[in-house]
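Please go through this model with a focus on its packing.

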Amino acid sequence: MAVLQKMRTKFGVAISIIVGLGLLSFIIDPSQITSAINSMSSKYDVGKIAGKKISYADFQQDIDRFTTINEVVTGSSVQGENQQQQIRDAAWQELINKYLVVKNAKAAGLRIGDAEKNDIVFGENVSPIIAQYFADENGAFSVENLKAFIQQLDADQSGQLRTFWNYLQNTVYYQQLSAKYGSLFSGSNFANALQ
């Protein structure tokens, strides 16, 4: 008894911390602690775009999403090394669009309005990306094929079609914003009489 009393008085705080950590490990999942530590560590970053660190976990999420999109487009889950490289490149390009192109275009005052979005998806000036995926037998864009696809979105339990549709919309948005941003620079390339 005297030994226990002596341990309690001298090592009470240390024993309390050890017992507390043991109890806490039952409440909190260790993988959450690991992922929180990993997200704070720069050792797990795959790159940096416009000052924003890109973690491996975020990049892997984008790769998984693009893998799903590839499966919808090709109809096959089998991927060769070239396809995997293309998926990684597409995921990285989307991160560049998100953190660099969109940021700079918005800083320049460029926007894509709702009417313009509808026009490049459903209207007269349909994006070539949308036209490619929703073409009829003759290769021309078909609004009926697009509407039929949109009606299938809610019925798809896997969520793959919704992921593909979001990808198409984002790609069209990035493409339109990039075109505007590029036009801003090409339009500003003006040589005066003195030059």
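## Packing report

Asp-62 is in contact with Ala-91 and Leu-95, leaving aside its neighbours within four places in sequence. Contact here means heavy atoms within 4.5 Å. This is a predicted model: local features need pLDDT of at least 70, side-chain atom pairs count only at pLDDT 80 or more, and totals for chains, interfaces and linings use all residues. Residues are numbered from 1 along each chain as its sequence is written, and side-chain values use heavy atoms, with hydrogens and water left out.

Asp-62 is found in helix H3. Helices (H or I, at least four residues) and strands (E, at least two) are DSSP runs, numbered from the N terminus. Asp-62 counts as buried because its relative accessibility is 8%. The classes are buried (under 20% relative accessible area), exposed (over 50%) and partly exposed (in between), with a 1.4 Å probe and protein chains only.

| Residue | Relative accessibility | Class |
|---|---|---|
| Phe-134 | 5% | buried |
| Phe-149 | 10% | buried |
| Tyr-173 | 19% | buried |
| Ala-50 | 41% | partly exposed |

**Cores.** The largest nonpolar core has 24 residues. A nonpolar core is a set of buried Ala, Val, Leu, Ile, Met, Phe, Trp, Tyr and Cys residues joined through side-chain atoms within 4.5 Å. Ile-130, Phe-134, Phe-149, Trp-165 and Leu-168 have the most contacts inside the largest core. At least two of its residues come from each of H3 (56-74), H4 (81-107), H5 (114-121), H6, H7 and H8 (160-188). H8 gives the largest share, six residues. Apart from this core lies another, of eight residues, including Ala-105, Leu-110, Tyr-174 and Tyr-181. In soluble globular proteins, nonpolar side chains tend to be buried together.

**Rings.** Rings of Phe, Tyr and Trp (its six-membered ring) pair if their centres lie within 6.5 Å; planes under 30 degrees apart count as stacked, over 60 as edge-to-face and the rest as tilted. By this rule there are nine aromatic pairs. Phe-134 and Phe-149 form a tilted one, 5.1 Å centre to centre with 55 degrees between the planes. This pair links distant parts of the chain, 15 residues apart. Phe-134 sits in the loop between H6 (128-133) and H7 (143-152), and Phe-149 in H7. Ring pairs also join Phe-66, Tyr-133, Phe-134, Phe-149, Phe-164, Trp-165 and Tyr-167 into a cluster. Not counting residues up to four places away in sequence, Phe-149 touches Phe-134, Leu-161, Phe-164 and Trp-165.

**Tyr-173.** This residue is found in H8. Beyond four places in sequence, Tyr-173 is in contact with Val-102, Lys-106, Ile-112 and Lys-117. Tyr-173 and Ile-120 are 53 residues apart in sequence and 8.9 Å apart in space, C-alpha to C-alpha.

**Ala-50.** Which loop holds Ala-50? Ala-50 lies in the one between strand S1 (45-49) and strand S2 (52-55). Ala-50 has a positive phi of about 50 degrees although it is not a glycine. Most residues other than glycine have a negative phi.
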